[in-house]
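Student: I would like to learn how to read a strand and a pocket in a structure. Could we take them one after the other?

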Amino acid sequence: VYHTPEEIPNNRLPGCAVVIDVLRASSTIAAAINAGASAVQVFSDIEPLLEASETVEEDKRIRAGERGGRKVKACEFGNSPLAFTPENTEGRRLFLSTTNGTRCSESVRNASKVIMASLTNRQAVVNSLATKRPGTVWLVGSGWEGSYSLEDTVCAGAIIDGILAVGKTPLSKLAGNDEAIAAVSLFRQWQDQLLELLTSASHGQRLLKMRGKADVAYCSQLDVLDTLPIQKGLGIFVQRKPG
Ligand code: MLT
């Protein structure tokens, strides 16, 4: 478990990277894919997003940008997962740039496999990791501008807890992996009160001050989407095909 992309040594992850930004980028990506987006293409910066989006016809794209929790003017949408419905999303490519989540995806994009995880699609992520066994798995929290995020760690813990449950593996098997044990312990302590935990987190507090209560509530739901956004081409996420 890495709590921020800055912790990754030499910016290199040999194996499978799981990107986590519960509030809200990875929850938004899962929601958009679930609403039928043909793909989600992520960008660290807005300018390249706008340039790339120009290559796609207007009725085949949506542009979403967020900085500091607020919508970016140049884009039609901000980063609320609730904004993406089949009516406005189905069959379109989402071009997305956010403060931390899309930057985190960029920093792991050379891993052999990259998956987008949130609380909402946790079980889909667990099922994939448990059945495909992609070798070493790195759970990477996006954090907030280089610092720790409680909600990303609890999601990492939820994923590890799910994998342990599939193999009926005791927590003691994680001996020596302090970050993983701490993440699972956090999840086990809070699993029935995820909304309370997210509401107490610093970014949860920030969003509440920006009328983000419904987003925090949405993002705190566990296992509600059977969606697995997986990287296919650098920075481009699509729904993994079943099987
Ligand atoms: C981020 O990338 O930092 C976020 O997803 C922030 C947000 O939109 O809440």
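This is a predicted model: local features need pLDDT of at least 70, side-chain atom pairs count only at pLDDT 80 or more; totals for chains, interfaces and linings use all residues.

Student: How many of the residues of strand β2 are buried?

Tutor: Strand β2, which spans residues 39-43, is mostly covered, with five of its five residues buried, where buried means under 20% relative accessible area.

Student: Which residues of β2 lie on each of its faces?

Tutor: In a regular strand the side chains alternate between the two faces of the sheet. Here Ala39, Gln41 and Phe43 are on one side, while Val40 and Val42 are on the other, and both faces are covered.

Student: In which sense does β2 pair with β5, and in which sense with β9?

Tutor: With strand β5 (residues 93-97), β2 pairs in the parallel sense over five bridges, and in that pairing Ala39 stands opposite Arg93. Strand β9 (residues 236-239) runs antiparallel to β2 and is joined to it by two bridges, with Phe237 of β9 as the bridge partner of Val40.

Student: Turning to the largest pocket, how much space lies in it, and which residues are closest to its centre?

Tutor: The largest pocket holds about 520 Å³ of space; it is lined by 21 residues, of which Leu129, Gly135, Val137, Ile160 and Ile163 are the closest to its centre.

Technical notes: Residues are numbered from 1 along each chain as its sequence is written. Side-chain values use heavy atoms; hydrogens and water are left out. Buried means under 20% relative accessible area, exposed over 50%, partly exposed in between (1.4 Å probe, protein chains only). Helices (H or I, at least four residues) and strands (E, at least two) are DSSP runs, numbered from the N terminus. Two strands pair if DSSP finds at least two bridges between them. On a 1 Å grid over the protein atoms alone, a cavity is a set of points where a 1.4 Å probe fits but cannot get out, and a pocket is an open set with protein on both sides within 12 Å along at least five of seven lines; lining residues have an atom within 4 Å of a point. Grid points are joined across faces, edges and corners, and a volume is the space filled by probe spheres set on the points.
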